[in-house]
Amino acid sequence: MKFLQKSSIALIILLPLLLTNCEKDNQTVSLWYLESKCGPAPWDAYVDFGKPTLVVDAVEQYLANDLSITEVEITYKFEASVAEQCEACSCKSGNVVEVLVNEEHVEALEEVGFEVRK
């Protein structure tokens, strides 16, 4: 009987710790890359400018081949709120690549110009 009580107490203490650790392993982070009007993007090498190439496909190839990130959700959209009303190459176009990745990839993505979306 005492063994069962001790086992139950140990289980009550350890179970929340185990579940918390499992949740931390699977946390995802949303990052975005704000494209400039004419500046190069890291995935340009995967765009065939002679053929229509979806930006999402080019980003997916870049992440897999250059950064070894394969588990990712990618969206590409226009957001007027970040578009800059100027024509210089450094101006933000409003085109945004957003990725949802495991938190372990955040540093590598920040190094190539992605920012954590807040």
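**View 1. Leucine 54 sits in the loop between strand 1 and helix 2.** Helices (H or I, at least four residues) and strands (E, at least two) are DSSP runs, numbered from the N terminus. This is a predicted model, in which local features need pLDDT of at least 70 and side-chain atom pairs count only at pLDDT 80 or more, whereas totals for chains, interfaces and linings use all residues. Residues are numbered from 1 along each chain as its sequence is written, and side-chain values use heavy atoms, with hydrogens and water left out. Leucine 54 is exposed, with a relative accessible area of 58%; here buried means under 20% relative accessible area, exposed means over 50%, and partly exposed covers the range in between (1.4 Å probe, protein chains only). Although leucine 54 and tyrosine 76 are 22 residues apart along the chain, their C-alpha atoms are separated by 9.2 Å.

**View 2. The whole chain has three helices and four strands.** Read from the N terminus on, the elements follow the order α-β-α-β-β-α-β. Of the 118 residues of the chain, 26% count as buried. In strand 1 the reader can find glutamate 35, which is buried, with a relative accessible area of 13%. The C-alpha atoms of glutamate 35 and serine 93 are separated by 5.9 Å, while the two residues are 58 residues apart along the chain.

**View 3. Tyr33, Trp43, Tyr62 and Phe114 form one aromatic cluster.** Rings of Phe, Tyr and Trp (its six-membered ring) are taken to pair if their centres lie within 6.5 Å, and planes under 30 degrees apart count as stacked, those over 60 as edge-to-face and the rest as tilted. A search of the whole structure finds four aromatic pairs. In one of them, the rings of tryptophan 43 and phenylalanine 114 have centres 6.0 Å apart and planes at 50°, so this pair is tilted. The pair links distant parts of the chain, since tryptophan 43 belongs to the loop between strand 1 (28-36) and helix 2 (55-67) and phenylalanine 114 to the loop between helix 3 (106-111) and strand 4 (115-116), 71 residues apart. Tryptophan 43 and phenylalanine 114 are both buried.

**View 4. A salt bridge joins lysine 37 and glutamate 87.** Side chains of opposite charge can pair when their charged atoms come close. The rule used here asks for a side-chain nitrogen of Lys or Arg within 4 Å of a carboxyl oxygen of Asp or Glu, and by this rule the count comes to five salt bridges. Between lysine 37 and glutamate 87, the closest N and O atoms are 3.8 Å apart. Lysine 37 lies in the loop between strand 1 and helix 2, and glutamate 87 in the loop between strand 2 (72-78) and strand 3 (92-102), so the pair ties together parts that are 50 residues apart in sequence. Lysine 37 is partly exposed, at a relative accessible area of 32%, whereas glutamate 87 is exposed, at 68%.

**View 5. Lys77, Glu79, Glu98 and Arg117 are linked in a network of salt bridges.** Glutamate 79 bridges to lysine 77, with the closest N and O atoms 3.6 Å apart; glutamate 79 is buried, with a relative accessible area of 13%, and lysine 77 is partly exposed, at 34% relative accessibility. Arginine 117 forms a salt bridge with glutamate 98, where the closest N and O atoms are 3.1 Å apart. This pair links distant parts of the chain, with arginine 117 in the segment after strand 4 and glutamate 98 in strand 3, 19 residues apart. Arginine 117 counts as partly exposed, at 26% relative accessibility, and glutamate 98 is buried, with a relative accessible area of 15%.

**View 6. A patch of negative charge on the surface gathers Glu107, Glu110, Glu111 and Glu115.** Such patches are made of residues with over 30% relative accessible area and no salt bridge, with like charges joined within 9 Å. Helix 3 gives the largest share of the negative patch, three residues. Glutamate 115 has its place in strand 4 and is partly exposed, with a relative accessible area of 43%.

**View 7. Serine 68 lies in the loop between helix 2 and strand 2.** Serine 68 has a positive phi of about 60°, although it is not a glycine. Serine 68 is exposed, with a relative accessible area of 56%.

Methods. Patches are made of residues with over 30% relative accessible area and no salt bridge: like charges are joined within 9 Å, nonpolar side chains (Val, Leu, Ile, Met, Phe, Trp, Tyr) within 5 Å. Accessible areas come from the Shrake-Rupley method with a 1.4 Å probe; for residues, only the protein chains shown count as cover. Lys and Arg count as positive and Asp and Glu as negative; His and the chain ends are not counted. The place of a charge is taken as NZ of Lys, CZ of Arg, CG of Asp or CD of Glu.
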